[in-house]
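Below are some notes for a colleague who is opening this structure for the first time. Please read them with the sequence and the model side by side.

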Amino acid sequence: MADQPQIYELNNGTVVVKITNYGCTITSLSVPDKNGKLADVVLGFDTVEPYVKGTSPYFGCIVGRVANRIKNGKFTLNGTGYSLPINKPPNSLHGGFKGFDKRIWEVAEYKKGDKPSITFKYRSSDGEEGYPGDVSVTATYTLTSSMTMKLDMEAVPENKATPINLAQHTYWNLAGHNSGNILDHTIQIWASEMTPVDENTVPTGEIKPVKGTPFDFTAEKKVGLQVHEVGLGYDHNYVLGGGEEKLGLKRAAKLKDPSSSRVLNLWTNAPGMQFYTGNYVNGVVGKGGAVYNKHAGLCLETQGFPNAINQSNFPSVVVQPGSKYQHTMLFEFSVE
């Protein structure tokens with residue numbers, strides 16, 4: 001349908017989400033607080049222009065063909081070496097210079113009603129940003145109940161094996177996008193291990209217990225409590241597991257803002273989650289003229305492990321032709 005960037009709305013009477021077909025990007029997501037007062041809890045822009053102009057540090061978008069970093073922008077698959085654009089030197093990040101977040105997706109389906117949904121599709125061509133083979137991708141956002149949003153991402157390689165790792169890169173601030181920083185939020189992450197990184201934020205290949213380190217969020221803890229002990233802030237992949245399951249998804253994280261009592265519970269079928277505290281956000285002018293600075297929001301990007309294509313001990317992100325990559329995220333909002 002649309003070949004221009006537009007903003008679409010999903011509204012079930014409680015939650016209102018705005019999403020653009022430019023990068024499948026959530027631009028706004030309003031949920032009630034303990035008094036029923038709505039606030040927009042994601043960082044972003046009022047119009048599509050700043051996204052298109054490249055002003056956005058991946059606010060709200062779906063990144064791919066491969067999320068996160070690929071070391072030195074190189075990998076070998078089935079005996080062939082591939083070189084990717086080095087858009088975050090010395091590595092390739094989030095699919096390259098023009099990843100899935102900077103493409104106009106087609107609106108395949110748009111449903112209103114009490115379970116409104118929108119389905120976007122995109123066809124990534126062989127050689128695009130250096131990756132092998134044609135891939136058909138779909139992403140569906142659905143308001144499945146009054147306070148729940150589901151995202152289903154699927155990708156099918158048509159003719160060549162390829163790494164695929166899609167991630168949803170929303171920056172959350174449950175106090176409201178314009179409320180300041182997220183250091184007073186509390187978070188619990190269902191992961192007893194994480195993947196340590198080198199000086200360029202690429203995993204070293206080890207898998208390390210979080211116990212006794214500033215990375216331990218196995219019990220609910222304030223985000224800002226030890227953030228200054230980890231360099232610029234958190235930007236690390238957690239090895240998910242150990243929580244309860246529901247609908248085939250495992251519990252990933254629980255985020256809470258004490259001031260509004262808003263809570264986000266995140267469930268996923270992905271093996272990892274990048275916990276990122278907006279360390280590189282600096283003076284970005286967003287919605288309503290709000291200025292977003294360091295730690296203005298945080299990301300909970302469920303994913304395959306970063307640089308998995310070059311780490312044989314990480315779960316594989318290679319998808320064979322005709323096989324289907326499936327990644328589901330369930331965002332449950334509440335107050336407590």
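1. A buried ring to start from. Phe217 has a relative accessible area of 1%, so Phe217 counts as buried. This is a predicted model, and the points below should be read with that in mind.

2. The partner of Phe217. The ring centres of Phe217 and Phe275 are 5.4 Å apart, and because their planes stand at 80 degrees, the pair is edge-to-face. Phe217 belongs to the loop between strand S19 (208-209) and strand S20 (221-222), while Phe275 belongs to strand S25 (residues 272-276). The two residues are 58 residues apart, and the pair links distant parts of the chain. Phe275 is buried too, with a relative accessibility of 0%.

3. Aromatic pairs in general. How many aromatic pairs does the structure hold? The number is 22. One of them joins Tyr8 and Tyr110, whose ring centres are 5.4 Å apart and whose planes are at 85 degrees, so this pair is edge-to-face. Tyr8 lies in strand S1 (residues 7-11) and Tyr110 in strand S10 (residues 106-111), so the pair ties together parts that are 102 residues apart in sequence.

4. An aromatic cluster. Phe45, Tyr51, Phe59, Tyr171, Tyr276, Tyr280 and Tyr292 make up one aromatic cluster. A lysine is found at one of these rings: the charged end of Lys88 sits over the ring of Tyr280, at 4.4 Å from the ring centre.

5. The largest cavity. A search of the whole structure finds 2 cavities of 30 Å³ or more. The largest cavity holds about 90 Å³ of space. Its lining consists of Tyr22, Thr25, Tyr51, Gly54, Ser56, Tyr58, Phe59, Cys61, Asp101 and Lys102. Among them are Tyr51 and Phe59, which also belong to the aromatic cluster.

6. Which residues line the second largest cavity? They are Gly64, Arg65, Gly95, Lys98, Gly99, Phe100, Ser124, Glu128, Glu129 and Tyr131. The classes are 2 nonpolar, 4 polar and 4 charged.

7. Cysteines. The search of the whole structure finds 0 disulfides. Cys24 is in no disulfide, and the nearest cysteine sulfur, that of Cys61, is 9.5 Å away. A disulfide would need the two sulfur atoms within 2.5 Å. Cys24 is buried, at 0% relative accessibility. Cys299 is likewise in no disulfide, and the nearest cysteine sulfur, again that of Cys61, is 9.0 Å away. Cys299 also counts as buried, at 0% relative accessibility. Cys61 itself is one of the residues that line the largest cavity.

Technical notes: Residues numbered from 1 in each chain as written. Predicted model: local features only at pLDDT ≥ 70, side-chain atom pairs only at ≥ 80, totals over all residues. Heavy atoms only, no water. Phe/Tyr/Trp six-rings, centres within 6.5 Å; stacked < 30°, edge-to-face > 60°. Helix = DSSP H or I, 4+ residues; strand = E, 2+ residues; numbered from the N terminus. Buried < 20%, exposed > 50% of the residue type's maximum accessible area, 1.4 Å probe, protein only. Lys NZ or Arg CZ within 6 Å of the ring centre and 35° of its normal. 1 Å grid on protein atoms, 1.4 Å probe; cavity = no way out; pocket = protein on both sides within 12 Å on 5 of 7 lines; lining within 4 Å. Points joined across faces, edges and corners; volume = space filled by probe spheres on them. Nonpolar A, V, L, I, M, F, W, Y, C, P; charged D, E, K, R; others polar.
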